[in-house]
There are 2 protein chains.
Amino acid sequence: MGPDDLSSEDFERLARIAHRYYVDGRTQEEIAREFGQSRPKVQRLLERARWAGVVDIRVASPPGLNLELETRLRDEFGLADAIVAPRRDDPQSQREAVARSAAQFLERRLRDGSVVAVGHGRDTAEVPRFFRPRRRVDALFVSAMGGSPRVDTPTNPNEICRSLADACGGRSQSLYAPAYVESVEVRDRLLEQDAVAHTLDAAARADMALVGIGGVNDDCTMARSGCLLPAEIERLRRQGAVGDVVGNYVDVDGRLIASPHQERLVALSIESLHAVPLVVAVASEAEKPLAILGVLRAGVIDVLVVDEGNANAVLDRAGSDGAPAPTAAGRGPMARRR
Amino acid sequence: MGPDDLSSEDFERLARIAHRYYVDGRTQEEIAREFGQSRPKVQRLLERARWAGVVDIRVASPPGLNLELETRLRDEFGLADAIVAPRRDDPQSQREAVARSAAQFLERRLRDGSVVAVGHGRDTAEVPRFFRPRRRVDALFVSAMGGSPRVDTPTNPNEICRSLADACGGRSQSLYAPAYVESVEVRDRLLEQDAVAHTLDAAARADMALVGIGGVNDDCTMARSGCLLPAEIERLRRQGAVGDVVGNYVDVDGRLIASPHQERLVALSIESLHAVPLVVAVASEAEKPLAILGVLRAGVIDVLVVDEGNANAVLDRAGSDGAPAPTAAGRGPMARRR
DNA sequence: GGCCCGGGTGATCAATTGATCAGCCGCGAG
DNA sequence: CTCGCGGCTGATCAATTGATCACCCGGGCC
């Protein structure tokens with residue numbers, strides 16, 4: 001695979017042509033004329049030169065940037081984008097680093113008129129602090145999930161929406177409902193309310209979503225905020241749940257856990273989330289790789305913003321079980337996919 | 001000029017975009033969409049990334065290949081091509097290495113119907129030994145210069161033509177005249193001869209020329225072959241001559257030495273040589289840098305095949321005196337000239 | 001010998017890229 | 001405040017590049 005299993009004659013020719021192309025900047029046509037070959041042939045030779053490693057294209061990585069890891073994540077899970085935040089020592093700094101990356105991503109993507117559905121969670125809640133667009137953006141942030149019983153928890157979607165809107169001069173739209181209600185009946189009643197229905201509808205039509213990925217251990221956000229009882233979490237675990245997006249729990253293979261609690265959820269459904277063109281998920285904490293893996297496999301995420309540790313852990317996990325996963329190796333630099 | 005005088009923010013963005021383009025193989029348009037920029041802007045950013053060294057494209061050089069040196073020669077002297085043969089220890093091996101390179105170049109360029117004007121010299125004479133085209137090529141090799149008094153010297157153009165023709169199954173056309181005759185009158189008489197005129201005419205119309213670069217020291221080919229007397233060489237030196245192509249002597253600035261001997265020369269004139277579309281010059285020995293420099297500056301050479309030592313020496317010489325010479329530095333990888 | 005297959009070839013077309021240019025913005029001078 | 005200038009921006013077009021495809025050639029097989 002290296003340049004070594006070429007005859008030295010071939011090697012010289014490839015090197016010569018590649019040098020002419022990449023260093024001297026000649027066109028393939030000029031080179032073809034020079035070497036008495038057809039242009040397509042020169043193209044093939046250049047391709048071969050890249051493949052054989054005669055040409056080496058490398059991109060400098062600023063310290064703390066994990067571009068390679070990002071590429072692997074994108075390839076492995078078919079993501080539109082993946083952003084790996086620089087490694088930090090303590091969990092809070094790590095969370096902030098991830099949030100900063102997510103905020104910068106948002107800044108790049110937001111346009112006047114953008115509608116963003118927003119989830120909950122500690123990671124997501126940090127995003128507004130780092131969200132500082134250059135100039136005013138008239139975007140609308142819509143709560144995609146009900147809140148916790150402890151009303152003004154800063155990890156509530158409503159709060160996050162408000163902070164985001166404040167930061168960019170846009171507007172926010174709250175969902176006046178708890179995340180989980182007592183029964184299906186109550187939920188259906190709630191969904192009939194104009195205010196609730198209207199907001200969920202707006203969220204479903206969003207251009208973009210910003211969501212957290214929740215875990216299932218005893219101090220996950222759902223538990224801490226009092227949305228779900230420890231017993232309910234326990235039950236979810238027993239059903240194979242590994243994590244959630246906006247309240248929708250999935251198992252490690254990305255299958256939705258159909259369970260009583262699911263019917264009591266007031267939030268964007270997995271299907272509705274799927275319909276949002278650009279779903280950005282934020283995940284940081286240490287115990288999350290399984291949750292992240294499950295949610296990724298559910299196929300609703302377009303962009304993952306994550307810390308380095310989780311990124312590696314998720315890739316390890318994905319590689320060991322499940323599908324063999326088409327690795328990106330062998331695809332040389334500049335090879336187009338298609 | 002390095003990646004260091006960019007703000008780390010810019011650096012990150014450039015690295016991110018460059019990575020996406022060069023490693024992941026996305027198109028500029030996809031990247032533009034991703035980063036919310038116009039496509040031309042992405043193009044400019046990529047350009048900047050290359051310029052700043054964020055992207056590093058390097059081409060592996062097989063040992064003994066001096067692609068960098070070749071590029072400098074091309075740039076410095078406006079050559080269509082330059083080939084630097086691998087370094088060899090003893091002069092004869094060195095000469096052979098150069099000849100081999102020249103022969104390979106010929107093989108690449110020769111077509112059925114090609115007409116090649118051929119000069120003389122020890123370097124040129126080695127070329128046929130390495131000239132082994134894959135298959136028969138119906139080319140015509142025409143002597144571009146008269147021979148030496150010692151008739152069958154293998155360094156005579158006629159001999160070289162014959163060997164080349166033999167090697168590829170082509171034809172050769174001899175020039176039946178000495179390189180230098182006694183007087184202008186004799187030369188003019190000779191040029192009236194059909195055989196002579198016809199050959200010189202054919203040489204002038206050649207598609208390609210293969211010539212040596214001669215020096216002016218006492219054992220240069222012209223002297224050894226008896227074409228010129230030591231006294232004549234001495235006189236040329238005094239007139240500033242540093243070397244010759246097919247008998248036309250030039251000074252270090254590339255100016256033709258107008259001298260009595262010039263009128264007694266039976267060979268392609270500098271002007272006729274100039275008219276040949278592709279003039280390939282071969283030069284190897286150790287004392288030749290000045291000769292090569294002078295001939296290059298005469299502007300008749302399109303392709304130079306040379307050993308590493310002479311290549312370096314010529315570039316040193318050219319850099320120190322004469323024009324400041326536009327260096328290729330600063331031109332990053334993949335920058336198109338134009 | 002005739003036939004078929006795989007790999008390589010160059011003609012051709014579509015996609016991507018590079019270059020140009022008019023317009024716009026911000027800034028400093030007048 | 002107005003003007004003019006330099007630099008940046010994205011629309012647009014031309015050049016280059018990548019992909020496809022029909023074809024050909026050589027080698028094994030029948």
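User: How should I read the words buried and exposed here?

Analyst: Buried means under 20% relative accessible area, exposed means over 50%, and partly exposed is in between (1.4 Å probe, protein chains only). E12(A) has 26% relative accessibility, so E12(A) counts as partly exposed. R16(A), at 8%, counts as buried. Two notes on the source: this is a predicted model, where local features need pLDDT of at least 70 and side-chain atom pairs count only at pLDDT 80 or more, while totals for chains, interfaces and linings use all residues. Residues are numbered from 1 along each chain as its sequence is written, chains are lettered from A and ligands numbered from 1 in the order in which they are written, and side-chain values use heavy atoms, with hydrogens and water left out.

User: What is the distance between the closest N and O atoms of E12(A) and R16(A) in their salt bridge?

Analyst: Side chains of opposite charge can pair when their charged atoms come close. The rule asks for a side-chain nitrogen of Lys or Arg within 4 Å of a carboxyl oxygen of Asp or Glu. For E12(A) and R16(A), the closest N and O atoms are 3.2 Å apart. Both residues sit in helix 1 of chain A, 4 residues apart, about one turn of the helix. Helices (H or I, at least four residues) and strands (E, at least two) are DSSP runs, numbered from the N terminus.

User: Which parts of chain B does the salt bridge of D253(B) and R297(B) tie together?

Analyst: The side chains of D253(B) and R297(B) meet at 3.7 Å, N to O. D253(B) lies in the loop between strand 8 (248-251) and helix 12 (260-263) of chain B, and R297(B) in helix 14 (residues 289-298) of chain B, so the pair ties together parts 44 residues apart in sequence.

User: How many residues does each chain bring to the contact?

Analyst: Contact means heavy atoms within 4.5 Å. Chain A gives 49 residues and chain B gives 48 residues. Buried area is the accessible area (1.4 Å probe) that two parts lose on being put together, summed over both. Here that area is about 4,400 Å², with carbon and sulfur atoms giving 48%.

User: How many salt bridges cross the interface of chain A and chain B?

Analyst: The rule finds 4 across this interface. R74(B) forms a salt bridge with D24(A), with the closest N and O atoms 2.8 Å apart.

User: In what sense do the two copies of strand 1 pair?

Analyst: Two strands pair if DSSP finds at least two bridges between them. Strand 1 of chain A and strand 1 (residues 55-59) of chain B pair in the antiparallel sense over 5 bridges. I57(A) has I57(B) as its bridge partner.
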